[in-house]
Amino acid sequence: MSSKQTTLPSRSKAIRKRAGRLPRLSWVVAGIFVAGLLGWLLYRTPGAPTPRTGAEVAQAHPAGPPWRHGPADARFTLTLYADLECPFCKAYYPTLMAWIDAHPEASLRWHHLPLAMHDPEASRLARVAECAGEAQGHEAFFDAIAWLYQNTRGDGQGLPTDQAWPGLTTAMRTCLDSDRPAAIVRAQADEALRSGINATPTVRLDDGLTGKTLLLHGPVEGDALLSALDLVASPDRPDARSVGAADAAGTAVRGRRHGLAEAQ
């Protein structure tokens, strides 16, 4: 008989040693499972909503126009009436977008308002943005707005002659060759003028809960925007449509802007 053969007593000891490890291992596995389950439950607790990516937020909006940026279920909607050749809009746009991104209770809606003093370039750039949105959705529309503001010379001069929108696709070409974008831009501009809005930038603030609205003229920023939100949210205040913007923000919020009066 070989001397390497395991004796019965030593084999019995090995079995008992392995058996002693099994309960400890099962407790470790159970502990990991319970910790994971508790973490998942805490993550799913009301008040800690699941974060959504930019693409998911965009998909939550109905197809545009109008084009929207921010949570689809935001209580407050800020409609920006803007002209893509307006230098004050160009300076205000990134500030307003950053403010929207920092305040999930609010979302932004774009409204075309190309001014006569800046046409035909203002309307041409608006058609480019409109077709970017039609081809690729909400995020693509606002990406186009940002690029156009960064690259246009402003005041009706349009893009440099050697520069064109880099995201031009077959779908966008088809859109630009149609009458759709021009009709949309023209309809939005006419709607703004019928509402008495004839200068850019102008922001209309809507509270989806109280139903109150407020027009803010010029590049209103920061604390003034928060004050405007408080005003339309207050059930004790009159309908904000009858309140001046300066009173709404508690500060002078009428800033520089382009409008029809400046062209006269």
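This briefing covers the sheet, the disulfide and the nonpolar cores of the structure above. The model is predicted. Five strands make up an open sheet with mixed pairing. One disulfide is counted. The largest nonpolar core holds 46 residues.

**Sheet**

- The strand order is E1-E3-E2-E5-E6.
- Strand E1 (68–69) and strand E6 (213–217) are the edge strands, and each of them pairs on one side only.
- Strands of a sheet pair through backbone hydrogen bonds, and they do so either parallel or antiparallel.
- E1 and strand E3 (residues 106–112) run antiparallel and are joined by two bridges.
- His69 stands opposite Leu108, a residue of E3.

**Helix packing on the sheet**

**Disulfide and cysteines**

- Cys131 and Cys175 form the disulfide, with an S to S distance of 2.1 Å.
- The link of Cys131 and Cys175 is left-handed, with -75° about the S-S bond.
- Cys131 sits in helix H4 (residues 121–136) and Cys175 in helix H6 (residues 170–176), so the bond ties together parts that are 44 residues apart in sequence.
- Cys131 has a relative accessible area of 0% and is therefore buried, given the cut-off of under 20%.
- Cys175, at 1%, is buried by that cut-off too.
- Cys86 counts as buried because its relative accessibility is 1%.
- Cys89 counts as buried because its relative accessibility is 2%.

**Nonpolar cores**

- Within the core of 46 residues, Leu78, Leu80 and Trp110 have the most contacts.
- Leaving aside neighbours within four places in sequence, Leu80 is in contact with Tyr92, Tyr93, Leu96, Leu108, Arg109, Trp110, His111, Pro201, Thr202 and Val203.
- One of these contacts, Leu108, is the residue that stands opposite His69.
- Another of them, Trp110, is itself among the residues with the most contacts inside the core.

Technical notes: Residues numbered from 1 in each chain as written. Predicted model: local features only at pLDDT ≥ 70, side-chain atom pairs only at ≥ 80, totals over all residues. Heavy atoms only, no water. Pairing = 2+ DSSP bridges. Helix = DSSP H or I, 4+ residues; strand = E, 2+ residues; numbered from the N terminus. Disulfide = S-S within 2.5 Å. Buried < 20%, exposed > 50% of the residue type's maximum accessible area, 1.4 Å probe, protein only. Core = buried A, V, L, I, M, F, W, Y, C linked by side-chain atoms within 4.5 Å. Contact = heavy atoms within 4.5 Å.
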